[in-house]
Amino acid sequence: MRNAMNVDQDIINDFLSSKYQGKIFRFLTFSKFIDLLESNCIQFIRSDKLGDNYEGSWPQKNIQQRPSDEALKKLINGLNLAEGMKHSLQNTVRPEMFKWGQEFIRTQVYVSCWHKSDMVSNHMWTNYTNTDLPVAIQIEFTEIRSVLSR
């Protein structure tokens, strides 16, 4: 049921160096809560399996402001095409390649979803606990950072 994976130490160090001091919440079903207690492990899920197209993806603003890929420009400019066609190709191929790359990345990113807030959110209850037995875990971020730094 669980997938073992190695987490890049740089990612862990970035997480552990965060200055956030507030509470974080994890909303889950009762059965996942029991699994957490029995396994003593936090489950990470591949981001494309969550049913949320935005998990594990780049923000739209980032996509819109992303500079053109110089290698792609060079390739297109090297083709024996009219300048207008090259320009059109640069504007249509790059976004499609980026979309494919984003979809691929989502198959490589594993997440454990937590909510940063000082209070419980009705929105989070509704979206992340579609069961009669929902559970919310509340912990100070400094506590979870301390446990993970051991």
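Reader: What makes F25 a buried residue?

Author: Buried means under 20% relative accessible area, exposed over 50%, and partly exposed in between, with a 1.4 Å probe and protein chains only. F25 has a relative accessible area of 2%, so F25 is buried. The model is a predicted one, in which local features need pLDDT of at least 70, side-chain atom pairs count only at pLDDT 80 or more, and totals for chains, interfaces and linings use all residues. Residues are numbered from 1 along each chain as its sequence is written, and side-chain values use heavy atoms, with hydrogens and water left out.

Reader: Is F27 buried or exposed?

Author: F27 is buried, because its relative accessible area is 5%. Buried residues make up 22% of the 150 residues in the chain.

Reader: How many aromatic pairs does the chain have, and why is the pair of F25 and F27 called stacked?

Author: Rings of Phe, Tyr and Trp (its six-membered ring) pair if their centres lie within 6.5 Å; planes under 30 degrees apart count as stacked, over 60 as edge-to-face and the rest as tilted. By this rule there is 1 aromatic pair. The ring centres of F25 and F27 lie 6.0 Å apart and the planes make 25°, so this pair is stacked.

Reader: Which strands form the open sheet, and in what order?

Author: The open sheet has 3 strands in the order β4-β1-β5, with antiparallel pairing. Strands β4 (115-116) and β5 (134-140) each have a single partner strand and stand at the edges, so one side of each lacks a neighbour in the sheet. Strands are DSSP runs of E of at least two residues, helices runs of H or I of at least four, and both are numbered from the N terminus.

Reader: How do you know that β1 and β5 are paired?

Author: Two strands pair if DSSP finds at least two bridges between them. Strand β1 (residues 23-29) is joined to β5 by 7 bridges, and the two run antiparallel; they therefore meet the criterion for a pair. F25 stands opposite Q138 in β5. Helix α2 (residues 30-39) packs on the sheet and touches β1 and β5, where a contact means heavy atoms within 4.5 Å.

Methods:
Axes are lines fitted to C-alpha atoms, for helices over the stretch in contact, and angles run from 0 to 180 degrees between N-to-C directions.
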